[in-house]
Amino acid sequence: MDLQHLDTPPSDAERAAVDALLGPPGSAWEGGERTGADLRRADGGQAARGRRDLLLPALHAVNDRIGWISEGALGYICRRLTVPPADAYGVASFYSMFALHERPKRVLHVCTDIACAAKGSGPICRTLEERLGAPGHGADPSPNGSPDNGPRPDGHSGSEVAWVESPCLGMCERAPAALAIEAGDPPGYAVSAPADPDVLCAPPKARPAGADAAPAPSSNGHRPEAHPTTFSPEALAPMPAEPSAEAAVPQAGDPGLLLLGRIGAVDPTDLDSYRAAGGYTALRRAIALGPSGVIREVTDSGLVGRGGAAFPTGRKWAGTAQRPEAPRYLVCNADESEPGTFKDRVLMEGDPFSVIEAMTVAGFAIGAARGYLYIRGEYPLALSRLENAITRARARGLLGEDILGSGFSFDIEIRRGAGAYICGEETAIFNSIEGLRGEPRSKPPFPVERGLFDRPTAANNVETLVNVLPIVQMGGPAYARIGTGSSTGPKLFCVSGTVARPGVYEVPFGATLRDLLGLANAGAESPPEPRAVLLGGAAGGFLRGDELDVPLTFEGAREAGTTLGSGVVLVLDDTVDLPAVLVRIAAFFRDESCGQCVPCRVGTVRQEEALARLSGGTGDGADIALLRDVGAAMRDASICGLGQTAWNAVESAIDRLGVFADVPQRRTLPLTTAAPSTTKEAP
């Protein structure tokens, strides 16, 4: 792709996709038809550069409609937004879900991460490779590696479907999982979990074409108004429809649940159903308390961030609210990409109105007029549920101008990620929303000082925000009596692996890991003894099977030498190849490193190389020493949490589980195969 001169014109479909989002071009300077007026004036400047944040939605618009982003489409987007081609290419190539070369419209994303690998994703990938060819983008569809697109033994062309290996898809309770996305107007999707190779390889069936009329421009920088949701509500044939979110909550129906109580009890698409179950009473009480009163209740509750950092939420909100700069922003981090994590997905699919209400309460508390909900690109059903919730809330006066007649105005824009784990880091989200590469920023300044668009910003994940609703309703001190003194409230845990009932569990802080696994194995006659439990995800640490009495609190996990992280509890038995799990964790961090800082960019590669040697039987004690040196360098010198935690799980497996304990201290290899010398030494 020539990044100096993107002169290739876009196709009609590509132009229509971009114009549906941005509206028709106003002049030839934006890619429209040239007129006499264009010769006398030039548009652009600050006004055009102010729309840079629409770059990611514009890339999505083309990728969703066509299936890939051509040179002509990229050039047209650059002209519309006055973005240098090299900048736009750098952004488009940063995200794994975008393709910059032609590929089939339907792409299968097959999870090969730790939870799915433990449940058999390897044989599924081998079957797909036999039937569809090597993983990639459909460039080499035939089984024998020839470039023809002729019929295959199963009766259809291999170029109809491409498949790629994917990091965690957030469906670990149904592992192994696969997500199919098909470009179109609108795009379609379907989930196969547990994945069925026969269903995945079945020939795609044609879907109805979109309307010929050009949709009206988007009002929120995310999607055309002609479609109520980004994705078609119908699952791609012949794949089945997704199960309800209730299926991922084994405790569903328990009246004592604070966070999961509405899942399965209310219709996630109906606002009246949500309000009948107590919805929007927290917002009414928040307005009665006033912004400072809400922040006081959140501070008194002891609520801390549930994404892993555990920063006090009340302090964050107070710091943002006290800044003199305006406007202020709220960002909901729904880019749930930690392997083994799916709690936020279940909340968004099963109780989406609670997320919208919680964001509105948070925006009221910090004095923000706009919130951004950044959701990962692999969550199409959650996206559709949230889009519907926002539309219905606006229609009832619960979003927008003068909410509930209070004089408070607040609205929400959804921004969709495109496959980048690093965008779970709060400052990387800011860059992604602003139309830049999703790379973390150096701190200070901190987000409460200069965050999104260089303005004070509070960023919280979905679980943290949803906790605010019961805090406002029952009061901070009452909430603080749940859990322990230092870890207050309930906590959601994502239990997967070798358990009888995988899913999302809500328990109060202070319950032990044994208590949690007892819930997950309830009803099982003789659950297998765990060999190890990965706590906190790929960035967490391992516990042995005899360490199940660890209290599930921040301080308890710290004393045990691990972390709660995002709430991952992955149970592994003796059938799992632990060295292979470590290699997969290392490969994950290598793939997901943004490459901005040297310790992480180089260290994650060296870590994977050393683990590959050790697991393959060619490593020795020198590789373990190298791992320790590289791990210490990443932990001490990386600029964000990805590099700082990339060594955690590996370190705990070596020190706590004794993985690689039997490798030789030094492996002796011959330096030459030449015959020994027969020359005698001088006397």
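A residue counts as buried here when its relative accessible area is under 20%. Keep that cut-off in mind, and also keep in mind that this is a predicted model. With the cut-off in hand, take Y189 and F231: both are buried.

Those two residues belong together as an aromatic pair. In general, you describe a pair of aromatic rings with the distance of the centres and the angle of the planes. By the pairing rule, the count comes to 14 aromatic pairs. For Y189 and F231, the ring centres are 5.7 Å apart and the planes sit at 80°, so this pair is edge-to-face. The pair also links distant parts of the chain: Y189 belongs to strand β4 (residues 188-192), F231 sits in the loop between α8 (197-201) and α9 (271-276), and 42 residues separate them.

Now look at Y421 and F588, an aromatic pair that is edge-to-face too, with 4.7 Å from centre to centre and 70° between the planes. Here again distant parts of the chain are linked, this time 167 residues apart: Y421 is in the loop between β7 (411-416) and α16 (426-433), while F588 is in helix α21 (residues 578-592). Are these two buried or exposed? Y421 has 13% relative accessibility, so it counts as buried. F588 has 2% relative accessibility, so it is buried as well.

Rings can also join up into a group: F94, Y95 and F98 form a cluster linked by ring pairs. R15 lies over the face of Y76, 4.7 Å from the ring centre, and K491 lies over the face of F493, at 5.3 Å from the ring centre.

Next, let's zoom in on a serine. S301 is located in helix α11, which covers residues 291-301. Its relative accessible area is 0%, and because of that value S301 is buried. What does S301 touch? Leaving out residues up to four places away in sequence, S301 touches I471, G476, Y479, A480 and T488. A polar atom of the S301 side chain also lies 3.1 Å from the backbone nitrogen of L303.

That leaves the empty space. Rolling a probe the size of a water molecule over the atoms shows where such space is left. Start with the second largest pocket, which holds about 670 Å³ of space. It is lined by 31 residues, and nearest its centre are S96, P167, G419, D591 and E592. The largest share comes from α21, with four residues.

How many cavities of 30 Å³ or more does a search of the whole structure find? The search turns up seven. In the second largest cavity there is about 170 Å³ of space. Its lining is made of 17 residues, and those closest to the centre are N63, D64, M97, R103 and I181. The elements that give two or more residues to this lining are α3 (55-66), β1 (106-111) and β3 (178-182). Of these, α3 gives the most, with three residues.

Technical notes: Residues are numbered from 1 along each chain as its sequence is written. Side-chain values use heavy atoms; hydrogens and water are left out. Buried means under 20% relative accessible area, exposed over 50%, partly exposed in between (1.4 Å probe, protein chains only). A polar contact is a pair of N or O atoms within 3.5 Å; within protein, one must be able to donate a hydrogen and the other to accept it, and residues adjacent in sequence count only if both atoms are side-chain atoms. Contact means heavy atoms within 4.5 Å. Rings of Phe, Tyr and Trp (its six-membered ring) pair if their centres lie within 6.5 Å; planes under 30 degrees apart count as stacked, over 60 as edge-to-face and the rest as tilted. A charge sits over a ring if NZ of Lys or CZ of Arg is within 6 Å of the ring centre and within 35 degrees of the ring normal. On a 1 Å grid over the protein atoms alone, a cavity is a set of points where a 1.4 Å probe fits but cannot get out, and a pocket is an open set with protein on both sides within 12 Å along at least five of seven lines; lining residues have an atom within 4 Å of a point. Grid points are joined across faces, edges and corners, and a volume is the space filled by probe spheres set on the points.
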